[in-house]
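Dear colleague,

I am handing over the structure we spoke about, and it is placed just below. My notes on what was found in it follow after that.

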Amino acid sequence: MRIKENVMIKIMRYFFGIRGVLDERNIKKVNQLALNAFVYLRLYVLLTSLVIPFLPDRLLNRSMFIMFAFANLVIGYGGVSLYVMHKISRLKSSLSRSGGC
């Protein structure tokens, strides 16, 4: 059954690279995937933001902040991107098997 897509679904389909028609079950999967990625990223930022102020003063130098920024890029955004790519590839394979893509 084809349902009318709102703007957010269209944006997520473009962002995740999903082609074809999404039924209600697959829209729920995409929404859950986006929610999981968002929550993971927010928890990571929260935890690292809480840890940094409690580090000893001798560790808080310029190189530490550069390393912290690099770790945020690699772990935060890289980890979320790998998770999203893995889950979307599984969703695409299930769509192609069911004939939806």
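The unreviewed UniProt entry lists residues 33–52 and 64–85 under "transmembrane region"; UniProt positions follow the numbering used here, feature names are shortened, and such annotations may be inferred rather than shown by experiment. Please note that this is a predicted model, in which local features need pLDDT of at least 70 and side-chain atom pairs count only at pLDDT 80 or more, while totals for chains, interfaces and linings use all residues. Residues are numbered from 1 along each chain as its sequence is written, and side-chain values use heavy atoms, with hydrogens and water left out.

Residues 33–52 are 95% helix and 0% strand, with end C-alpha atoms 29 Å apart, while residues 64–85 are 100% helix and 0% strand, with end C-alpha atoms 30 Å apart. Helices (H or I, at least four residues) and strands (E, at least two) are DSSP runs, numbered from the N terminus.

The chain as a whole has three helices and zero strands. Its radius of gyration, taken over C-alpha atoms, is 18 Å, well over the 13 Å that the globule rule (2.2 Å times the number of residues to the power 0.38) gives for 101 residues, so the chain is more spread out than a compact globule. The C-alpha trace spans about 60 × 20 × 15 Å along its principal axes.

Of the 101 residues, 24% are buried, meaning under 20% relative accessible area with a 1.4 Å probe, protein chains only. Among contacts (heavy atoms within 4.5 Å) between residues at least 6 apart in sequence, 63% join residues at least 24 apart.

Best wishes

Methods. Buried means under 20% relative accessible area, exposed over 50%, partly exposed in between (1.4 Å probe, protein chains only).
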